[in-house]
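Welcome! Take a moment to look over the structure below, and then we can walk through it together.

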Amino acid sequence: MKYYFKRYWIYLIAFITIIILCAWLNLYGQLSNEIFLGAVATVITLFISVINYYHANDQFFKELFTEFNLRYDKLNGILNEIKEEENSLFRNVF
């Protein structure tokens with residue numbers, strides 16, 4: 001969690017650019033306050049949605065990895081026995 005926003009930097013830059021553009025338009029009177037606040041709220045919502053999407057994706061892969069790891073741990077003893085049998089058969093042949 002040291003660099004939490006590291007992989008979101010492109011989204012962060014794009015959203016900050018949009019907010020700055022809206023603030024600049026609002027400053028020069030080309031954009032009403034309601035539209036400015038709506039645009040800022042939309043940008044913040046989109047950024048939070050992107051973060052939640054990647055968080056859910058990471059969580060899904062972590063659960064999947066944990067499930068596969070447990071499945072492999074259960075099979076590990078059987079796989080080692082098969083490997084040892086093959087090695088002993090190979091030694092007996094040669």
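Is Tyr53 buried or exposed? Tyr53 counts as exposed, because its relative accessibility is 54% and the exposed class begins over 50%. Please keep in mind that this is a predicted model.

**The chain as a whole**
- The chain has two helices and zero strands.
- Of its 94 residues, 13% count as buried.
- Its accessible surface comes to about 8300 Å², and carbon and sulfur atoms account for 66% of that area.
- If you take the contacts with a separation of 6 or more, 63% of them join residues 24 or more positions apart.

**Inside: the nonpolar cores**
- Tyr8, Phe15, Val43, Phe47, Val50 and Ile51 make up the largest nonpolar core, which has six residues.
- Helix H2 gives the most to this core, with four residues.
- Apart from that core lies another one, of five residues, and Cys22, Phe36, Ala39 and Val40 are among them.
- Val50, a member of the largest core, is in contact with Tyr8 and Tyr11 once its neighbours within four places in sequence are left aside.

**Outside: a nonpolar patch**
- On the surface, Tyr72, Leu75, Ile78, Leu79 and Ile82 form a nonpolar patch.
- Together, these patch residues have about 460 Å² of accessible area.
- Tyr72 lies in helix H2, which covers residues 33–93.

**Aromatic pairs**
- A search of the whole structure finds three aromatic pairs.
- One of them joins Tyr53 and Tyr54, whose ring centres are 5.3 Å apart.
- The planes of those two rings meet at 70 degrees, so the Tyr53 and Tyr54 pair is edge-to-face.
- Within this pair, Tyr53 is exposed, while Tyr54 is partly exposed with a relative accessible area of 24%.
- Phe60 and Phe61 also pair, with ring centres 5.4 Å apart.
- Their planes stand at 65 degrees, so the Phe60 and Phe61 pair is edge-to-face.
- Phe60 has a relative accessible area of 46% and is therefore partly exposed.
- Phe61 is partly exposed, with a relative accessible area of 47%.

Methods. Residues numbered from 1 in each chain as written. Predicted model: local features only at pLDDT ≥ 70, side-chain atom pairs only at ≥ 80, totals over all residues. Heavy atoms only, no water. Patch = residues over 30% accessible without salt bridge, like charges linked within 9 Å, V, L, I, M, F, W, Y side chains within 5 Å. Areas by Shrake-Rupley, 256 points an atom, 1.4 Å probe, with all protein chains shown as cover. Salt bridge = Lys/Arg side-chain N within 4 Å of Asp/Glu carboxyl O. Core = buried A, V, L, I, M, F, W, Y, C linked by side-chain atoms within 4.5 Å. Buried < 20%, exposed > 50% of the residue type's maximum accessible area, 1.4 Å probe, protein only. Contact = heavy atoms within 4.5 Å. Phe/Tyr/Trp six-rings, centres within 6.5 Å; stacked < 30°, edge-to-face > 60°.
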